[in-house]
Amino acid sequence: MEYTLIRSKRKTAVIQIQKDGSVVVRAPQRLAKKEIDRFVQQKSEWISFHQDKIKREREKQGSFSFLDGRFPLLGAMFPVEYLDEGKPFYHEGTFFLYKGSEEELCAQAQQLYRKIAREELSRRVAFYAQKMGVSPTAIRINGAKGRWGSCSGKNSLNFSWRLMMAPEHAVNYVVVHELCHILHHDHSREFWQEVERFFPDWKECRNILAQTSQKPYFMIQE
């Protein structure tokens, strides 16, 4: 079994399985190589179990729900239809993609989500900005996985297109959250009081967003 050996002043040997499934062994400086090989062989079943688990998770994440033929949008699941040629589009509750490799399908899906995010978030920002009496300087769509939205010092709003995979109420919360930063560029008591004017259940919204980020389809490849 292949592994990367890292020696240090530690007293015992330890095996680590990396995110990509590779094996790293950290061992004492003077521990004989044959002893390390014997240690790895003894743990071979444990290593294989975790490597298989990582492989299954990566396959599940990479599939992006293509297996069941549905995509998430604002809290609901919508069907996908595959066409022979042309450009991808979304129309009346159906995603239309054109046949290709999984990589090509992921690229098409991302293209559609970006387009939908631009339209949906621009509309929602305009609605809440008017109610709040604020004016963002710009709206940008990015592909962030760890941050739903942000507001720059110049009041430019940034949103991840992945936000379209979350339920509608949670999406609206993110919009209001970022608009509130135009009034308060921090997370002070005054900021949260402003958020609570529109979303008294903001903590629940944050829980919903955390659950969304754990879904396999959220990890669609860039």
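The model is predicted: local features need pLDDT of at least 70, side-chain atom pairs count only at pLDDT 80 or more, and totals for chains, interfaces and linings use all residues. Residues are numbered from 1 along each chain as its sequence is written, and side-chain values use heavy atoms, without hydrogens and water.

Me: Why is Ser152 called partly exposed?
Reply: Buried means under 20% relative accessible area, exposed over 50%, and partly exposed in between (1.4 Å probe, protein chains only). Ser152 has 25% relative accessibility, so Ser152 counts as partly exposed.

Me: Where is Ser152 found?
Reply: Ser152 is in the loop between strand 9 (149-151) and strand 10 (156-160). A strand is a DSSP run of E, at least two residues; a helix is a run of H or I, at least four; both are numbered from the N terminus.

Me: How do you know that strand 1 pairs with strand 3?
Reply: Two strands pair if DSSP finds at least two bridges between them. Five bridges join strand 1 to strand 3 (residues 23-28), and the two run parallel.

Me: What makes strand 1 and strand 2 edge strands?
Reply: The open sheet has the order 1-3-2, with mixed pairing. Strand 1 (4-8) and strand 2 (14-17) each have a single partner strand, so one side of each lacks a neighbour in the sheet.

Me: What makes seven residues of the lining of the largest pocket polar?
Reply: Ala, Val, Leu, Ile, Met, Phe, Trp, Tyr, Cys and Pro count as nonpolar, Asp, Glu, Lys and Arg as charged, and the others, Gly among them, as polar. The lining divides into five nonpolar, seven polar and four charged residues.
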